[in-house]
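Hi,

Here is the structure I promised to pass on. Have a look at it first, and then read my notes below.

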Amino acid sequence: MGMPFEERLGGDVKRVEHAMTQAKQQALRPTGLTVPQYVALLVLADAPGISAAELARRCRVTPQTMTTILRNLETASLIARVPHDVHRNVLETRLTEAGRRVFAVADEHVTAVERRMSDALSAEERTALRALLSRVADALS
């Protein structure tokens, strides 16, 4: 038989991820955004004009999922996709003015969730947690 249930870390990681996602979904509800849409806007705010393929990589979703996210954001007029100046077959994705406004509000709500998580730990504990999570991710790569 495998390792005892209480020694399995996967369940603990999943529980934290689920609680964080639920809290972010609730925080984003007034904005009308989903967590994946918010993450896409977050990356686009930081890196305007990146390709959909790069956006999918940074958001850790499949290209197919990103296509759906972008279609929904474009339908809501929160992003604009325009051909690249040099590479006409590449679409650059940028936030629209409406997208910037919605993102600003959404980011305030999500930042409050992140702050709640952060405030539960001391600075030393946050540093240690990041190091431990990084080590576990590296062990699985």
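Which residues in helix 2 meet which residues in helix 4? P36, Q37, A40 and L41 in helix 2 meet M66, I69, N72 and L73 in helix 4, where contact means heavy atoms within 4.5 Å. That contact divides into six nonpolar, two polar and no charged residues (Ala, Val, Leu, Ile, Met, Phe, Trp, Tyr, Cys and Pro count as nonpolar, Asp, Glu, Lys and Arg as charged, and the others, Gly among them, as polar).

Before going on, a word on the source: this is a predicted model, in which local features need pLDDT of at least 70 and side-chain atom pairs count only at pLDDT 80 or more, while totals for chains, interfaces and linings use all residues. Residues are numbered from 1 along each chain as its sequence is written, and side-chain values use heavy atoms, with hydrogens and water left out.

Back to that pair: helix 2 and helix 4 pack at an angle of about 85 degrees, their axes 10 Å apart. That makes helix 2 roughly perpendicular to helix 4 (65 to 115 degrees; axes are lines fitted to C-alpha atoms over the stretch in contact, with angles from 0 to 180 degrees between N-to-C directions).

Overall, the chain has six helices and two strands (DSSP runs, H or I of at least four residues and E of at least two, numbered from the N terminus). Along the sequence the pattern is α-α-α-α-β-β-α-α.

Then there's the largest pocket, with about 1,500 Å³ of space (on a 1 Å grid, an open set of points where a 1.4 Å probe fits, with protein on both sides within 12 Å along at least five of seven lines; lining residues have an atom within 4 Å of a point). Its lining has 34 residues, with V16, E17, M20, M117 and L133 nearest the centre. Helix 1 gives the largest share, ten residues. By class, the lining has 22 nonpolar, three polar and nine charged residues.

Lastly, there are six salt bridges (a side-chain nitrogen of Lys or Arg within 4 Å of a carboxyl oxygen of Asp or Glu). One of them joins K14 to E17, with the closest N and O atoms 3.4 Å apart.

Cheers

Conventions: Grid points are joined across faces, edges and corners, and a volume is the space filled by probe spheres set on the points. Angles under 35 degrees count as roughly parallel, over 145 as roughly antiparallel, 65 to 115 as roughly perpendicular and the rest as oblique.
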